[in-house]
Amino acid sequence: MRYLTFALGKGRLAKQTLALFEKIGITCHEMKEKDSRKLIFVNEDLKLKFFLSKGPDVPTYVEYGAADIGVAGRDTILEEGRNVYEVLDLGFGKCRMCVCGPIEAQEALNSRELIRVATKYPKIAKNYFYNKKHQTVELIKLNGSIELAPIVGLSEVIVDIVETGSTLRENGLCVLEEICPLSARMIVNQVSMKMEYERITKLIRDINQLSAETSL
Ligand code: PRP
């Protein structure tokens, strides 16, 4: 039996994924060793391998087949636009992709003035404004702390993730438009889906069954 390889985005999403996997009997003790500098973790009994990467790189590893399966946020999957199968909504990591800004920006947004939009997600923002709203905007790519942009006058609005809304509130900003809901998704390499159909569909079935049981 060949190894089935999983790419997980470093951080909270990986922790939640591993907690979910444990519940369906997929464990990886090597990953729990605190001071380990290892990059790849193996479960020899189940013939599984796991590695952690930067979240936005997960779809890349999966598209090229370096990982058979990946777990990433829907935001990352939409932004990266890779050729992978999205097979499961894991139901955690729930948040929203929104257009946000100071309430005063609502008018400029509605009157379709040429506004600046700062974002870490230029593809999602472009798709929303150009293809869905048919509105021309100037997109500015940033790499983090996006809420700064309207505060310091870089842009009128931002396109960003809103989870609890506290970053917005604490900085005098609000949600102006909602683009789409987000959550953690399982993605699968297109060739792996055929070659490892049995093992991958069993994994999907087990997770679906667990979520059906826990929502009872
Ligand atoms: C994300 C996002 C918002 C914040 C939303 O940022 O970009 O800034 O979380 O969460 P909230 O609604 O619960 O306040 P992240 O912490 O990932 O860091 P970043 O700003 O560097 O992207």
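Analyst: The questions below concern a predicted model and take up its domains, its sheets and its salt bridges in turn.

User: Into which domains is the protein divided?

Analyst: The chain is split into two parts by the domain assignment. One part takes in residues 4–93 together with 183–215, and the other takes in 95–180. These are, respectively, domain 1 and domain 2.

User: How far apart do the C-alpha centres of domain 1 and domain 2 lie?

Analyst: The two domains are in contact, with eight residues of domain 1 meeting nine residues of domain 2. Their C-alpha centres are separated by 30 Å.

User: Which residues of domain 1 lose the most area to domain 2?

Analyst: Between them, domain 1 and domain 2 bury about 690 Å², and 49% of this is on carbon and sulfur atoms. On the side of domain 1, three residues together account for 65% of what is buried. They are Asp75, Leu78 and Glu79.

User: Which salt bridge is formed by Arg12, and at what distance between the closest N and O atoms?

Analyst: The count between domain 1 and domain 2 is one salt bridge. The partner of Arg12 is Glu163, and the closest N and O atoms are 3.4 Å apart.

User: Which helix gives the largest share of the side of domain 1 that touches domain 2?

Analyst: Across this interface, five residue pairs are in polar contact. On the side of domain 1, the largest share amounts to five residues. These come from residues 74–80, that is, helix α3.

User: In the open sheet of six strands, which are the edge strands?

Analyst: The order of this sheet is β2-β3-β1-β4-β11-β5, and its pairing is mixed. An edge strand pairs on one side only. This applies to residues 40–43 and 85–89, which are strands β2 and β5.

User: Which residue stands opposite Val42 in β3?

Analyst: Strand β3 covers residues 48–53 and pairs with β2 in the antiparallel sense, over four bridges. The residue of β3 facing Val42 is Lys49.

User: At about what angle does helix α9 run to β5?

Analyst: Two helices that lie across strands of this sheet may be considered. Helix α1 (residues 12–23) lies across β1, β3, β4 and β11, at about 140° to β1. Helix α9 (residues 197–214) lies across β1, β3, β4, β5 and β11. Its angle to β5 is about 25°.

User: Why is one side of β8 and of β10 left without a neighbour in the sheet?

Analyst: Five strands form an open sheet with mixed pairing, in the order β8-β7-β9-β6-β10. Strands β8 (138–141) and β10 (174–182) are at its edges, so one side of each lacks a neighbour in the sheet: each has a single partner strand.

User: Which residue of β9 stands opposite Val99?

Analyst: Strand β6 (residues 95–101) pairs with strand β9 (residues 157–162) in the antiparallel sense, over five bridges. Opposite Val99, the residue in β9 is Val159.

User: How many residues apart in sequence are the parts that Arg2 and Asp68 tie together?

Analyst: The count of salt bridges comes to twelve. One of them joins Arg2 to Asp68, with the closest N and O atoms 2.8 Å apart. Arg2 is in the segment before β1 and Asp68 is in the loop between α2 and β4, so this pair links parts whose separation in sequence is 66 residues.

Technical notes: Residues are numbered from 1 along each chain as its sequence is written. This is a predicted model: local features need pLDDT of at least 70, side-chain atom pairs count only at pLDDT 80 or more; totals for chains, interfaces and linings use all residues. Side-chain values use heavy atoms; hydrogens and water are left out. Two strands pair if DSSP finds at least two bridges between them. Contact means heavy atoms within 4.5 Å. Axes are lines fitted to C-alpha atoms, for helices over the stretch in contact, and angles run from 0 to 180 degrees between N-to-C directions. Buried area is the accessible area (1.4 Å probe) that two parts lose on being put together, summed over both. A salt bridge is a side-chain nitrogen of Lys or Arg within 4 Å of a carboxyl oxygen of Asp or Glu. A polar contact is a pair of N or O atoms within 3.5 Å; within protein, one must be able to donate a hydrogen and the other to accept it, and residues adjacent in sequence count only if both atoms are side-chain atoms.
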